[in-house]
Amino acid sequence: MKPALLLLLIATTATAGTLLDDVRTAELGRRYDDELFRRAAASPDAAVRAAVARAGGQLRDERAVAWLLPLTRDEVGRVRRTALFALGQIGGDAILLPLRESLPTLARHDLPHALEAIGKSRDARGVATIVTYLSHRDPETRAQAALALFRIGDATAVTELTNQLARERDANARWTLVYACFRLLRTEAQKSDAAVPVDEAWQRILAPSLEPSRPFHERVFAARALGATRGAERWIAPLLADPDARVRIAALRGLAFAAPKEHAKAVAALLSDENTMVRDTAMDLFERWGKPAYEAFWTQVPAARDAAFALRVYRFEQSHAPDLQRLPPTGDRAAYEEFRCEAKELPRLAEIKTIRGLRALAEACGREEVEGKTARATLETLLQHEDMTVRVMAVGAVAARGWKDAAPALLASARSARGPDASDVRMEVAGALAELGVADAWLEDAALDPVFMVRDAARAAMKKLSMKVPPKRAPPGFRLHGMDAAAVWREARTLVGARVVVETSRGTMTLVLLPDEAPAHCVNFARLVSDGFYDGKRWHRVVPNFVIQGGCPRGDGWGGPGYTVPDEIGTRPYVRGTVGMPKAGDDTGGCQLFITHLPTPHLDGRYTVFAQVVQGMDVIDRMRVGDTIKRATLDVRR
């Protein structure tokens with residue numbers, strides 16, 4: 001190669017490298033730089049164009065639409081698809097018409113991404129366009145068309161979905177069609193708290209998806225879809241005896257709108273099921289049904305396998321037969337204290353010994369039936385409690401009671417709630433002041449709080465109270481474990497192929513990290529694992545047929561590491577065994593993690609994916625609340 005050409009290549013590569021670093025720094029620092037992003041979008045380097053398309057999706061600024069739309073016609077497929085995803089994250093009228101018009105010209109591999117973006121617009125004007133792609137020759141396009149219809153949320157699309165389901169032969173497209181029906185029908189049923197009247201032909205089309213030969217997630221979604229329709233019990237009730245516990249759970253949930261007198265005895269039998277989650281779900285159903293199901297419940301009162309479940313049984317009995325002479329279980333003190341706080345005559349504050357009990361006490365004091373003087377004194381004490389989650393509940397209770405003259409106590413709680421770990425209190429107080437109509441100067445300070453969520457809450461409160469809102473200040477530069485954005489990306493490259501082995505009280509699972517998808521999350525997770533952060537932590541949340549969640553330093557879902565990690569939401573979907581980052585709002589990730597039991601498309605484009613389980617899914621299926629992470633170790637494969 002001639003020296004002049006070599007020098008030009010070196011200069012071009014260096015320029016692209018600098019531009020790439022600048023784009024990544026702006027993305028992680030949540031700083032929209034229109035001039036920088038337009039230069040990057042016009043770069044001859046495909047890696048830079050892909051990076052800026054990704055940044056557009058992370059920042060979700062409408063100004064990005066102007067330079068993202070040309071990238072949907074880029075010569076490199078990765079750039080096109082990232083740009084389409086980014087447009088879906090931005091949404092709104094600015095993207096709907098251009099994407100609808102471009103559909104006939106898109107390549108087969110790009111079409112599903114465009115349909116996903118149109119679905120995320122949540123604009124009913126996109127329904128007619130999407131429906132035409134339900135019968136497309138490409139099964140992935142048909143699948144994404146179904147999911148796009150669920151995202152828009154128009155229940156009238158169920159007719160078209162079931163028509164396609166009747167002739168669908170592709171397994172992946174089938175379950176997405178069933179899933180879309182489930183989400184749309186359930187939403188309609190929840191609006192009126194009653195099953196949706198449908199044509200019986202719909203039910204007959206959905207029923208084959210319940211057959212044992214179908215994948216378990218398709219069976220689960222079909223049971224939930226049918227359960228939202230009127231007269232579907234004949235399809236669902238037989239599943240209560242299914243050998244797969246996951247299907248039994250789906251059947252129980254599918255009976256939520258059923259008449260208790262017809263199915264209560266069969267459900268009562270599952271109160272003694274060998275599977276904990278089946279028992280708990282059966283108890284959920286009895287609590288929903290209430291008094292009409294009590295007689296059947298009483299004929300088959302289950303044996304108390306654990307204190308928490310026994311307490312639920314006791315609560316149900318006391319609600320419908322208060323003269324019953326039985327003592328409540330005392331093995332789970334926190335659960336028992338929660339139960340006591342539900343009574344109209346509250347226990348004294350000194351009698352409550354657990355954080356869960358104190359939260360329940362604060363919540364109970366927010367109810368109108370509780371005597372005001374007692375509730376007021378209790379809440380003013382709890383507003384200064386050392387546990388910030390107790391304070392949050394107390395702030396909410398004061399707001400619920402409408403006690404405007406309690407604002408000084410709220411402000412004192414906020415002023416003493418310092419640091420990032422107490423930001424929830426400051427945020428809650430800002431909202432409470434707005435609700436109570438108290439325009440205090442503290443909000444001006446809160447609008448400049450180091451934590452952006454507090455700033456946003458304070459600014460929203462000031463706007464509601466007609467106070468002068470200060471201009472937004474520039475976001476601070478990105479730092480994570482002492483590293484800037486470029487350093488995080490460099491360390492992320494060392495984690496390609498890295499695995500984390502998680503030993504739990506139920507067995508061992510292995511996760512593979514995805515640093516190309518979520519570099520900051522992977523670097524953060526790897527650092528925490530290497531420091532032994534997760535050793536001994538609990539799985540504090542288990543929702544059957546959905547997720548397990550753990551890694552909270554408090555063990556209850558309220559804790560974090562003392563800093564936040566910005567969202568890195570990408571194109572990878574949530575499938576069975578996907579590891580995601582829980583959050584309390586945009587860019588609030590930290591140390592917790594959740595793992596999905598089955599595909600969950602409603603999480604796609606909303607939560608960061610940073611790892612995938614490659615071994616040990618049976619361990620995740622067996623996980624229960626209170627199980628522990630014994631040890632997590634990082635295996636970096638060079």
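Trainee: Which residues in H3 do Phe37, Ala40 and Ala41 in H2 meet?

Mentor: This is a predicted model, so local features need pLDDT of at least 70 and side-chain atom pairs 80 or more, while totals for chains, interfaces and linings use all residues. Residues are numbered from 1 along each chain, and side-chain values use heavy atoms, without hydrogens and water. With contact meaning heavy atoms within 4.5 Å, the H3 partners of Phe37, Ala40 and Ala41 in H2 are Val48, Arg49, Val52, Ala55 and Leu59.

Trainee: How many nonpolar residues does the contact of H2 with H3 have?

Mentor: Let's sort them by class (Ala, Val, Leu, Ile, Met, Phe, Trp, Tyr, Cys and Pro are nonpolar; Asp, Glu, Lys and Arg charged; the others, Gly among them, polar). The contact of H2 with H3 has one charged residue and no polar ones. Its nonpolar count is seven.

Trainee: Are H2 and H3 oblique or parallel to each other?

Mentor: Start with their axes, lines fitted to C-alpha atoms, with angles from 0 to 180 degrees between N-to-C directions. Those of H2 (residues 34–41) and H3 (residues 46–59) come within 8 Å and cross at roughly 140 degrees. Under 35 degrees is roughly parallel, over 145 roughly antiparallel, 65 to 115 roughly perpendicular and the rest oblique. H2 and H3 are therefore oblique.

Trainee: At roughly what angle do the axes of H15 and H17 cross?

Mentor: H15 covers residues 245–254, and its axis comes within 9 Å of that of H17. H15 is roughly parallel to H17. The crossing angle of H15 and H17 is roughly 5 degrees.

Trainee: Which residues in H17 meet H15?

Mentor: On the H15 side the contact involves Ala245, Arg248, Ile249, Leu252 and Arg253. By class, the contact of H15 with H17 has seven nonpolar, one polar and two charged residues. The H17 residues are Met277, Val278, Thr281, Ala282 and Leu285.

Trainee: How many cavities of 30 Å³ or more does the whole structure have?

Mentor: A cavity is a set of points on a 1 Å grid where a 1.4 Å probe fits but cannot get out. The largest cavity holds about 40 Å³ of space. The search of the whole structure for cavities of 30 Å³ or more finds one.

Trainee: Which residues line the largest cavity?

Mentor: Lining residues have an atom within 4 Å of a point. Here the lining has eight nonpolar residues, and no polar or charged ones. The residues that line the largest cavity are Val502, Leu511, Phe525, Tyr534, Trp539, Leu593, Ile629 and Ala632.

Terms used
Helices (H or I, at least four residues) and strands (E, at least two) are DSSP runs, numbered from the N terminus. On a 1 Å grid over the protein atoms alone, a cavity is a set of points where a 1.4 Å probe fits but cannot get out, and a pocket is an open set with protein on both sides within 12 Å along at least five of seven lines; lining residues have an atom within 4 Å of a point. Grid points are joined across faces, edges and corners, and a volume is the space filled by probe spheres set on the points.
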